[in-house]
Amino acid sequence: MTVATKAPRGRPLLFTSYPSEMSLFPTTTRKVAFGVLLAVTALLPFLLADAELQLLATCCIAAIGAIGLGLVTGYAGQVSLGHAFFLGIGAYTASVISGDPDGRTVGYGVTNILVWLPAAGLVAGLFGVIVAPLATRLRGLYLAIVTLGLVFIGQHVFNEWASVTGGVGVGRPAPTLEIFGYSLFTTSASVTRDQKLFWLMAALLLVFALAARNLARSRVGRAFTAIRDRDIAAGVIGVNLARYKTIAFAVSSFYAGCAGALLFTVTGYIEPTSFSLLLSVQYIAMVLIGGAGTISGAIAGAFFITLLPRIIRELQAFLPFISTDANEVPNVLQVESILYGVLIIVFLIFEPRGLFGLWVRARNYWKSWPFSY
């Protein structure tokens, strides 16, 4: 018996089979929206200034890291506060591989991004596998505290291992963006450095997002969801908890390592104190505000949190009591830190599904209008 995999004519929102519902783009609207998004992304560098493109490139990199945290926290339900540790592992792995062999810090001179980017993800993923056994024995608050300890351990190591990190207040150069000897930072008459940077980061975000979306709708992703909803019940029905929790931490750490390797290529400089608890809180905020358990929510949250400092600085013209001087109170940095906590609390109380939930509400209202039900 053959089951139809396409919705009947005139009923575009009716799914008649599991394959049609679980497809990557189940409706025509999503296919069109995805095509429009790609077109806008391709044309955006010709419409914005280089400063805005650099900021958007940072948003794309942050989104890669947020997707990784969303996989382990939003999909698998394993609370992790140690994301900054894995970001640091990836950043320094990439900088060591591509660093100058004759420089003051350790470097091997392999500047090809096709080498140091996967290596950064794999090394961070290896550390994720090492940490994963703790996830099989701990959960909830206890697991959060253990992963929080990774941040403090990593911060101490990064501060003291000067031959690799360059030391506090000194740092070291970020990985070099080259492909087979061609520098992506060269500026030509028609294309600037920041335009190339934005296109590259947007393309990488697309690859990582599609990979995560395919993982989420696979057997592994369904196992993640079962563990998140009720790990005891998942174990009863045959889900190997130790295996899938290890996969969740490994994949999440891989994404974090790649994001850490790319994050500082924008500024060209890595400083050990960057990988602090605040960085982990920022990524937690990205996932919770964007919408835990969704890939698009993690991307939206990453863009929102990364653009938040710029938004605050724009609002500073209308709120003169907020100072840009770090020695005055209240200043922009303090307002940013307060807003992270306030936004997390507000979204958890009033909209647990985050920005993605707001989008679903608006979409459902539009579909059902003018009927309230």
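I began with the crossing: H12 passes H13 right-handed. Helices here are DSSP runs of H or I with at least four residues, numbered from the N terminus.

The model is predicted, so I kept its limits in mind: local features need pLDDT of at least 70, side-chain atom pairs count only at pLDDT 80 or more, and totals for chains, interfaces and linings use all residues. Residues are numbered from 1 along each chain as its sequence is written, and side-chain values use heavy atoms, with hydrogens and water left out.

**H12 against H13**

I looked up the geometry next. H12 (residues 277-290) and H13 (residues 295-315) pack at about 125 degrees, with axes 7 Å apart. Axes are lines fitted to C-alpha atoms, for helices over the stretch in contact, and angles run from 0 to 180 degrees between N-to-C directions. H12 and H13 are therefore oblique to each other. The classes are roughly parallel under 35 degrees, roughly antiparallel over 145, roughly perpendicular from 65 to 115, and oblique for the rest.

I then listed the contact (heavy atoms within 4.5 Å). From H12 come Gln282, Ala285, Met286, Ile289 and Gly290; from H13 come Gly297, Gly301, Ala302, Phe304, Ile305 and Thr306.

**H12 against H15**

I turned to H15 (residues 354-368), whose axis comes within 3 Å of that of H12 and crosses it at roughly 15 degrees. H12 and H15 are therefore roughly parallel to each other. Leu288, Ile289 and Gly290 of H12 meet Gly354, Leu355 and Phe356 of H15.

**Core**

Which residues touch the most other members of the largest nonpolar core? I found Trp116, Met201, Leu262, Phe275 and Tyr283, out of 91 residues. Helix H3 (residues 50-75) gives the largest share, 14 residues. Such a core is a set of buried Ala, Val, Leu, Ile, Met, Phe, Trp, Tyr and Cys residues joined through side-chain atoms within 4.5 Å.

I checked Met201. Beyond four places in sequence, Met201 contacts Ala57, Cys60, Ile61, Leu177, Leu262 and Thr265.

Is Ser253 buried or exposed? Ser253 is buried, at 1% relative accessible area. Buried is under 20%, exposed over 50%, partly exposed in between (1.4 Å probe, protein chains only). Ser253 sits in H11 (residues 241-263). Leaving aside neighbours within four places, Ser253 contacts Phe86, Gly121, Ala124, Gly125 and Gly128.

Ser296 lies in H13. At 42%, Ser296 counts as partly exposed.

Technical notes: Helices (H or I, at least four residues) and strands (E, at least two) are DSSP runs, numbered from the N terminus. A crossing is left-handed if the near helix is turned anticlockwise from the far one by less than a right angle, and right-handed if clockwise.
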